[in-house]
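I opened a new notebook page for this chain. Below are my entries, in the order I looked things up.

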Amino acid sequence: MPRGDGITGRRWLLAVLLGIAATAGAVGPNPATRQLLKAEADACRAFEAGNADALRRALTADFTLVDSHGSVTNLAQNLAEVAAREPFYEEFRNHDQQVRLYGDIALIVGITSVRGRAGGEPFAASFRYTDTWIRRDGKWLLAASHASRLP
């Protein structure tokens with residue numbers, strides 16, 4: 001410990017403790033959380049790229065989406081929208097995610113930011129979302145999603 005008055009010693013101890021805390025937090029999420037967040041990022045890329053086949057592999061057969069208008073859509077409707085690229089996404093990104101794992105079920109609450117064109121008109125918006133994921137045969141699949149538009 002550095003020499004000097006008690007304040008300097010306490011500052012040094014505080015710096016060491018903060019360094020330990022920062023290092024402990026840098027370990028990162030557990031393997032299941034990493035796999036889940038990768039699956040979610042892959043689904044975002046499928047929306048952005050208009051890749052309905054990739055999206056089909058990420059969703060359950062009974063997938064439902066409650067959109068920001070309160071409408072409920074199913075797997076076929078979502079895949080058709082993605083394949084038609086209407087809306088056309090230039091950006092489809094999830095961030096500020098909080099993950100809760102319950103064995104083979106997981107919830108993710110976060111924000112989706114999108115930018116693109118719909119009906120030929122540009123748009124940009126952010127949505128608070130809740131995704132419900134299930135793990136089947138070691139693979140995470142999105143079963144349900146709910147989105148609320150942020151002001």
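**The loop between α4 and β3**

I began with Pro87, which sits in the loop between α4 and β3. For the element names I used DSSP runs numbered from the N terminus, helices being H or I with at least four residues and strands E with at least two. The peptide bond that joins Glu86 and Pro87 is cis, with omega about 10°. Arg85 is also placed in the loop between α4 and β3. Arg85 is not a glycine, yet its phi is positive, about 55°. I noted Arg85 as partly exposed because its relative accessible area is 28%; buried means under 20%, exposed over 50%, and partly exposed in between, with a 1.4 Å probe and protein chains only.

**Ground rules**

The model is predicted, so I kept in mind that local features need pLDDT of at least 70 and side-chain atom pairs count only at pLDDT 80 or more, while totals for chains, interfaces and linings use all residues. Residues are numbered from 1 along each chain as its sequence is written, and side-chain values use heavy atoms, with hydrogens and water left out.

**The chain as a whole**

I counted four helices and six strands. Read from the N terminus, their order is α-α-α-β-β-α-β-β-β-β. The chain has 151 residues, and 32% of them count as buried. Among contacts (heavy atoms within 4.5 Å) with a separation of 6 or more, 53% are between residues 24 or more positions apart.

**The core**

Which residues have the most contacts inside the largest nonpolar core? They are Leu55 and Trp133, in a core of 27 residues. I took a nonpolar core as a set of buried Ala, Val, Leu, Ile, Met, Phe, Trp, Tyr and Cys residues joined through side-chain atoms within 4.5 Å. Elements that each supply at least two residues of this core include α2 (31-49), α3 (52-58), β1 (59-66) and β5 (121-136). The largest share, six residues, comes from α2. In soluble globular proteins, nonpolar side chains tend to be buried together.

I then listed the partners of Leu55, leaving aside neighbours within four places in sequence: Ala43, Ala46, Phe47, Leu79 and Val82.

Thr33 is in helix α2. With neighbours within four places set aside, Thr33 is in contact with Val99 and Leu101.

**The cavity**

I searched the whole structure and found one cavity of 30 Å³ or more. A cavity here is a set of points on a 1 Å grid over the protein atoms alone where a 1.4 Å probe fits but cannot get out, and lining residues have an atom within 4 Å of a point. The largest cavity holds about 40 Å³ of space. Phe47, Gly50, Glu81, Val82, Arg85, Pro87 and Tyr89 form its lining.

**The loop between β5 and β6**

My last entry is Asp137, placed in the loop between β5 and β6. Asp137 has a positive phi, near 50°, and is a residue other than glycine. Is Asp137 buried or exposed? Asp137 counts as exposed, because its relative accessibility is 85%.

Methods. On a 1 Å grid over the protein atoms alone, a cavity is a set of points where a 1.4 Å probe fits but cannot get out, and a pocket is an open set with protein on both sides within 12 Å along at least five of seven lines; lining residues have an atom within 4 Å of a point. Grid points are joined across faces, edges and corners, and a volume is the space filled by probe spheres set on the points.
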